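Dear colleague,

I am handing over the structure below, followed by some notes on what was found in it. Please read the two side by side.

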Amino acid sequence: MGKAAREQSARDRIKAQREEQMLRERRKRMVTIGTAAVVAIAAVGAGWWFAAQSSRSEEVGAALAPITVAADGSVVMAKAGVEKPVLDVFEDFQCPACEALERTSGATIKNLAAEGRAKVVYHPITIFSEQTNKGITRGNSLRAGAASRCIAGGAPWSRFHDKLFEEQPSESVEGFAIPDLVAWGKDAGVTDPAFEKCVTSQEKAPAHLAYSAEVLKTQKLTGTPTLKLNGTEVDTAVAFKPAELRQAVLDAAK
């Protein structure tokens, strides 16, 4: 083989080696990119899974913690001897966001009390002014809030509380009619003969409004729902994720 032929053969081998090296590198990049994509997809999937688990509502346990309505209208749900952590729930029965919180995290709140992991204190209040929807929204809230005060406590109060949110009317439509409130109370298990008169006369309305004004002032609330854990406001993102809310309460007990 002449010199020229040998040089051409060498150049051909080098070219072939380079092409083979480039092919190997291209394949390596494709594997790396593919692996990264799989990892990224897995990470996104894990993120969605975690978010879904955090947002999944619990089921209410078979038994509730004892429920007592205090003189000021606040309602304590706690097992005997449980004093902390304290989870305060500030809510308005006419507030759509409060209904959403009850639907999402209401069971978790009840379960934490039933498990003896927290002292839950509900604060039903009216946050709407007379100017909101020509007073319709405030009227709805007031009738519901005053009616809830006509129940001394126990499971009937909790069932009535839940029913109010289930039947929450639009903010612009008159709802929570007196006959309905009376009927819902009886369906919830209220047997006190004074209940119907209490609801019909709205005798608890003045006290409910006074308590609402006091709470809004002293707690510096900007709206409802608001959860406070040992006096510190719970972030909305946590409040609406049952798993995260549960963990926050467990951490507060440490």
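**Helix, sheet and pocket**

Helix H4 lies across strands S1, S2 (75–77), S3 and S4 (119–124), and runs at about 80° to S1; contact here means heavy atoms within 4.5 Å, axes are lines fitted to C-alpha atoms, for helices over the stretch in contact, and angles run from 0 to 180 degrees between N-to-C directions. Helices (H or I, at least four residues) and strands (E, at least two) are DSSP runs numbered from the N terminus.

This is a predicted model, in which local features need pLDDT of at least 70 and side-chain atom pairs count only at pLDDT 80 or more, while totals for chains, interfaces and linings use all residues. Residues are numbered from 1 along each chain as its sequence is written, and side-chain values use heavy atoms, with hydrogens and water left out.

The six strands form an open sheet of mixed pairing, in the order S1-S2-S4-S3-S5-S6, where two strands pair if DSSP finds at least two bridges between them. S1 (67–69) and S6 (232–233) stand at the edges with a single partner strand each, so one side of each has no neighbour in the sheet. S3 (residues 86–91) and S5 (residues 226–229) run antiparallel and are joined by four bridges, and Asp88 has Lys228 in S5 as its bridge partner.

The lining of the largest pocket divides into three nonpolar, two polar and seven charged residues (Ala, Val, Leu, Ile, Met, Phe, Trp, Tyr, Cys and Pro count as nonpolar, Asp, Glu, Lys and Arg as charged, and the others, Gly among them, as polar). A pocket is, on a 1 Å grid over the protein atoms alone, an open set of points where a 1.4 Å probe fits, with protein on both sides within 12 Å along at least five of seven lines, and lining residues have an atom within 4 Å of a point. H2 gives the largest share of this lining, six residues.

Best regards
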